[in-house]
Amino acid sequence: MNLQPASPTQCRRLCDPQQFSFATTAELETTDTIIGQPRGTRAIEFGINIKSQGFNIYVLGEVGTGRTTAIMQFLREKSKEKPVPNDWIYVNNFAVPYQPRAISFSPGDGKKFQNEIATLISHLEEDLSKAFASEAYLETVKQWQGNFEQMRTQRLQSLRQKAAQEGLAIVTTPSGFGIGVVQNGQMLDPAAFQQLPLAEQEQLQIRYDVLAQELQELLGQFFQEEDELRERLGQLQKEVAAAALEYHFNRLRTIYASHVEILLYLDELHTDILNSVNLFQASNDEDNPTLAEIDSRRYEVNLFVDNGHLSGVPVIIETNPTFTNLMGRIEYETMGGGVTTHFTNIKPGSIHRANGGYLVINALDLLRQPFSWEALKRAIKEQQITLQSPEMLLGGQIPAKSLDPEPIPLSVKIILMGSTALYETLVEREEDFMELFKVKADFDTVMPRDLSHELMVAGFIANCCQEEGLRHFDRYAAAKIVEFSSRLCEHQNRLSTRFGAIADLVREASYWAGVRGRDSVTPEDVQTALDERTYRTNRLEERLLEQVTTHQIYITTTGSIIGQVNALSVVASGDYSFGIVSRITARTYLGEDGVIAIDREVEMAGPIHNKGILILTGYLGGQYAQNHPLSLNASLTFEQNYGPVDGDSASSTELYALLSSIGQIPLKQNLAVTGSVNQRGEIQPIGGVTEKVEGFFQLCQERGLDGTQGVIIPQANLVNLNLNDKVLAAVAAGQFHIWPIQTIDEGMTLLTGLPAGEPQADGTFPTGTVHSIVQKQLHRLAHTLKDFSDK
């Protein structure tokens, strides 16, 4: 085999600064162009423009890929092209007070109407007070009341005279009018009346009964005439009030002549004021006229949604989609020891403010809030917003009189932002999700790496510097950011669209350039930002490395050992990931149990790792057990590992250890290995290859590079390498090597120095090859076990 280590150019794709025509990014024009998301932006544009029901948008992708920027850019542009939606008000429903009426206005007219009604109320209080205090009104009332009193006095006096002629008298008592017997000018008490002759008593009783009947009839007439007077006075009040209000209401009816709902409301308002006109009368104290206490809030206008300040449709981002923030609320107030509410306490939610435009919500935040998701779905389905309290949704009681406001028609485009996993969950578990969110806008985390996209990254740097007042980058520093972008997405031919992470590096590099007193950012400043970021977050990495270098964790990087290989894995600590070295060992002995993974036996291994272990048995059977049975016991483990194990990136490493143990072939400890393997012995790509290589390099550098150390990686992972400057320099100097391989045979050759061996016609392998040694040892184990069993 002609195995060659990777060249420095294969270990990281450098960005040539000379391809940039600018000296610094200050020369670049800023742009709002969305970078690297043609699929996502096309879907958003479609979703925004289509008018049909249910074509709301779910934007999926990782945070920092420009989702929010793209959405807001589209929405800002589209919002200006569309007419401003109507205002909405709530007013009192005089017929059914607990069901306030919702009325729409042209943009800005809701505020005008609110001011008009406020002016009307202030004027009518003043005008009615004056009207009821006018001399003509008071004189008329005085005359009517005087005539009534005069008439009542005359008729009562006439009846008194008649009573006197009959020997009786009409007297006034605390309980009303009464009749008494008079003799010699004196009122007889009951005892004196009983002393009269019986015949006289009978005559007086007859006259008493007749007079009592006449008095009762007269009093009945008084009550009836008093009611008629009250009715006449009430009608007079309405006529006076109507005259005082005529100008104001006629003016409003003229202004809103084309608004049918407002004309109806004005009629109801006019009627209610007239029916309550007695509350506006001035007191009898002419020196201190005051108005009676009235609830003027019943006549107020609740300006629920005011779009008068907009120049297009609203664009609302709801960052905290609780039920009340999203769907609105009815506030309560304490009054007289109880809890009550009023239609002026109805407050809008973000869906009301976004009505006619766009509402952007984070899907996970929405689903975390009780009732919010169900309420939003209901509103979309019914195409109207029904304002209810959360207690009513549960069918429970609320501790106060509440309101049932008239629903408002809904016409809004909902944009949910969330992860791919959440999208799949909603599709699977919410049967109506696909009917409500028919547009999927998928934002990728990577884009092609070519000159045009590298220039886009430079343009993005220019935008950041311009918008935030940062120091601009020279072309060399911009090239360094491009290389960082490739490292982010772990691919030499791609660039990351996680522009949030890129922007953070731009900010940090600008800071360090300022610390050094530079006017523009250089590659050294970018590297300092990366180094400082690593230093802030790599405490765990340093501790683990220290445990290895102080022999608390056993890792050998020199010599050769049977059944032992240095494996590589990645540890994530927050937003920082790094590679660590682990020792995998294998021991083989007589038996028929096959390969036993100790980590699996103690339930520390995950399903993917267990699958990799089973693949090893498939490889051994296919390679060595075509003509003889596979009889062995073998144990595999990650030494000094006390946490869970998963993934199959160490399956090739485990196979090397297993073959070494079977054949008693020493393996080089100056090499570390990563890569998964299939049953045919082909090495498959894995993740985190850059961090893994750098992790082993750091250990070797700590112990001293000798020119023999290196890492064996899958050939397919070469394109994923984006090694740091230290590793790159060591590779260029021949002090460290990256060995890309495609098969187990190539890996065994590197680890043992022996040829792997190709199968011969009889199924055996050439003497002295790895496979020959392993095959013979397996045959020996099988025969030994058989001989032992026969005894």
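Okay, let's start with a pair of helices: where H22 and H23 cross, the crossing is right-handed. Before I go on, keep in mind that this is a predicted model.

So who are these two? H22 covers residues 607–624 and H23 covers residues 651–663. Their axes sit 10 Å apart, and the helices pack at an angle of about 45°. That angle is why we call H22 oblique to H23.

Which residues do the touching? On the H22 side you'll find His609, Gly612, Ile613, Leu616, Tyr619, Leu620 and Tyr624. Facing them from H23 are Ser651, Glu654, Leu655, Leu658, Leu659 and Ile662.

Leu636 belongs to S24, which runs over residues 633–638. Is Leu636 buried or exposed? Its relative accessibility is 2%, so Leu636 counts as buried. Leaving out anything up to four places away in sequence, Leu636 touches Thr585, Ala586, Val595, Ile596, Ala597, Ile598, Asp599, Ile613, Leu616, Glu654 and Ala657. One more thing on Ile596: Leu636 is 40 residues from it in sequence, yet C-alpha to C-alpha they are 6.3 Å apart in space.

Next up, cysteines. How many disulfides does the model have? The count is zero. Take Cys11: the closest cysteine sulfur belongs to Cys700, and at 15 Å that's too far for a bond. Cys11 has a relative accessible area of 0%, so it's buried. Cys489 isn't in a disulfide either, with its nearest cysteine sulfur, the one in Cys15, 13 Å away. Cys489 comes in at 17% relative accessibility, and since buried means under 20%, Cys489 counts as buried too.

Last stop, a histidine. His248 is in helix H7, which spans residues 198–255. With a relative accessible area of 10%, His248 is buried. And what does His248 touch, not counting residues up to four places away in sequence? The answer is Leu120, His123 and Asp127.

To recap, then: a right-handed crossing of H22 and H23, a buried Leu636, zero disulfides, and a buried His248 in H7.

Notes. Residues are numbered from 1 along each chain as its sequence is written. This is a predicted model: local features need pLDDT of at least 70, side-chain atom pairs count only at pLDDT 80 or more; totals for chains, interfaces and linings use all residues. Side-chain values use heavy atoms; hydrogens and water are left out. Axes are lines fitted to C-alpha atoms, for helices over the stretch in contact, and angles run from 0 to 180 degrees between N-to-C directions. Helices (H or I, at least four residues) and strands (E, at least two) are DSSP runs, numbered from the N terminus. Angles under 35 degrees count as roughly parallel, over 145 as roughly antiparallel, 65 to 115 as roughly perpendicular and the rest as oblique. A crossing is left-handed if the near helix is turned anticlockwise from the far one by less than a right angle, and right-handed if clockwise. Contact means heavy atoms within 4.5 Å. A disulfide is a pair of cysteine sulfur atoms within 2.5 Å. Buried means under 20% relative accessible area, exposed over 50%, partly exposed in between (1.4 Å probe, protein chains only).
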